[in-house]
Each structure stands twice: as C-alpha cells, then as structure tokens.
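Please look through the structure below before reading on. The paragraphs after it go from the whole protein to a few of its residues.

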Amino acid sequence: MSDQKIILSIKNLEKVYRTSGEELSILKKLNMELCQGQICVVVGKSGSGKSTLLNIIGGLDKASGGTVCAGGLVVNEMSEKQLVKFRRNFLGMIFQFHYLLKDFTALENVFLPALMAGMSKKQASEKAESLLEAVGMKDRMYHLPSELSGGERQRVAVARSLVNDPELILADEPTGNLDPASAETVGNLLFSLSREYGKTLILVTHDMNLAAKGQVRYLMENGQLRELGV
Ligand code: ADP
Ligand code: MG
C-alpha cells in the first residue's frame, strides 16, 4: 500500500561506542521504514544492538551518523525540549522493567502521562480507566505496583504506553522477565491493542512465539536489519 503514511524512516544510521581507546561499531548504515499501523518485530542475538536502535529512535541515545525521521521530524536533530514533547506526544515506550512509579496506583501511573500529554483531567482519567479495562486490570486499578504480579505490572505498562495516543510504540523485550503464560498475555495484548487503535509497533523480543505474530520481522545482525521471510 504505497499511499500509506510513513511513520518512521531511518537512513544510514550509525552508532559507534567509544570506550577506553576502543571503537565499537554497533549500528552500521542501518535502514528501516515503517508505515502507519505496521506491526514490526525485531529479533537478534544479545548485544546485537536492538536496544541501541530503540533508544536512538526514542531519543534516549544519540546516533553517531545518519538520520532518524519520525512523523516528519528528524529525531537526532531535536533539542532536549523538542525531544520531551516528541516522547510525550508521539511515542509510547515499554521496557523489560516496568518503570511504574512505586508510590502511585496503577490508575495514577496510566493517568499521569495522559495529563502531561495535554489532556484534561476528565479525559485523562476516562482514557486511563478504559485502557486498564482493556488490559484486564480494572479491578486492580487502585493497587500499587508492589501489590501487583510481574505480568500485571507489564499490563499496566502496556496501558500506560497507549494513554497519550502515540503514533509509535517502542517495546524492548517487554515480556523478557515474565513466566511463559504472562508473557503470552502481555504480548497478545500489545499486538491486539496496537491493531485495534491503529498504532505502529516495534517489538524487540527473544520469544519466538511472539515474534511469529509480527507482520514484518527483522533480524538484527552485523549492525543491520535483515527482513525475514514469512
Ligand atoms: P541488545 O539490546 O541487542 O542486546 P544493546 O543495544 O544493548 O544490544 O547493545 C549493543 C552493544 O553495544 C553491546 O555490545 C553493548 O555492550 C554495547 N553498548 C551498549 N551501550 C553501551 C555504552 N553506553 N558504552 C559502550 N558500549 C555499549
Ligand atoms: Mg536489549
């Protein structure tokens, strides 16, 4: 579908880490393009650069060369202020660790980013509640993260990643710490909600069952992404 909006366009992306006189070339002229609504999975060996790629797309790490263009803006040329806005409005991020605020309830953890993205209190709480319901956590929404299981925390993290209505969701091994059953639940939720809300998703995973459900699948190898066949 050539008339689809391009959400992410990466050209000749390079990442070099310099440590004690040594140069480590992690990403080597990597190219990638994603259209709106595409569900993409990235697999690859540990240390191959998957997190580095996601962190650069999300503006958490700096590219050494090339361009990352997301939603028509060049991410690696943004000021800190622009990056904050970009992350608040354009991105949803999920990591292996949940990063929920420990002193806040599940509801507040989902509600706060919506508020920061500019929604009214009423809108934000309605949105947060409906997303917690969508991830099966409505009856736990007044619980603190410490009162939830690992899988439940990640379900809250999935709800949080969607609450600002992002264009692009970056998920870095979100099921990496979970038992197989919870991993399947969280993975399926991520896929089904992304589809339902028309979100573009990049999911990094080691879980082959989960990877098989991606629409486009890439292998990170030798600093580049290679598309895998169906
Ligand atoms: P993956 O997510 O695929 O397991 P990463 O993107 O985390 O891989 O890391 C890719 C490589 O970059 C690894 O070899 C790692 O040691 C190296 N690396 C990551 N961050 C840094 C850093 N801040 N300084 C030096 N090397 C780093
Ligand atoms: Mg990683």
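**From the whole fold to single residues**

The protein has seven helices and ten strands, where helices (H or I, at least four residues) and strands (E, at least two) are DSSP runs numbered from the N terminus. This is a predicted model, in which local features need pLDDT of at least 70 and side-chain atom pairs count only at pLDDT 80 or more, while totals for chains, interfaces and linings use all residues. Residues are numbered from 1 along each chain as its sequence is written, chains are lettered from A and ligands numbered from 1 in the order in which they are written, and side-chain values use heavy atoms, with hydrogens and water left out.

The radius of gyration, taken over C-alpha atoms and compared with a globule rule of 2.2 Å times the number of residues to the power 0.38, is 17 Å, which agrees with the value near 17 Å for a compact globule of 230 residues. Along its principal axes, the C-alpha trace spans about 50 × 45 × 40 Å. Of the 230 residues, 47% are buried, a word that here means under 20% relative accessible area, with exposed meaning over 50% and partly exposed lying in between (1.4 Å probe, protein chains only). Among the contacts (heavy atoms within 4.5 Å) with a separation of 6 or more, 71% are between residues 24 or more positions apart.

Glutamine 36 sits in the loop between β2 (22-35) and β3 (39-43), and it counts as partly exposed because its relative accessibility is 29%. Leaving aside residues up to four places away in sequence, glutamine 36 touches Gln4, Lys5, Ile7, Glu167, Gly198 and Thr200. With one of these, glutamate 167, the side chain of glutamine 36 makes a polar contact of 3.2 Å, that is, a pair of N or O atoms within 3.5 Å, of which, within protein, one must be able to donate a hydrogen and the other to accept it, residues adjacent in sequence counting only if both atoms are side-chain atoms.

Serine 161 belongs to helix α5 (residues 150-162) and, at 2% relative accessibility, counts as buried. Its contacts, not counting residues up to four places away in sequence, are Gly92, Met93, Ile94, Pro166 and Ile169.

Most residues other than glycine have a negative phi. Tyrosine 99, however, has a positive phi of about 55°, and is placed in the loop between β6 (91-94) and α3 (106-116). Glutamate 173 also has a positive phi, of about 45°; it lies in the loop between β7 (168-172) and α6 (180-196), and its 15% relative accessibility makes it buried.
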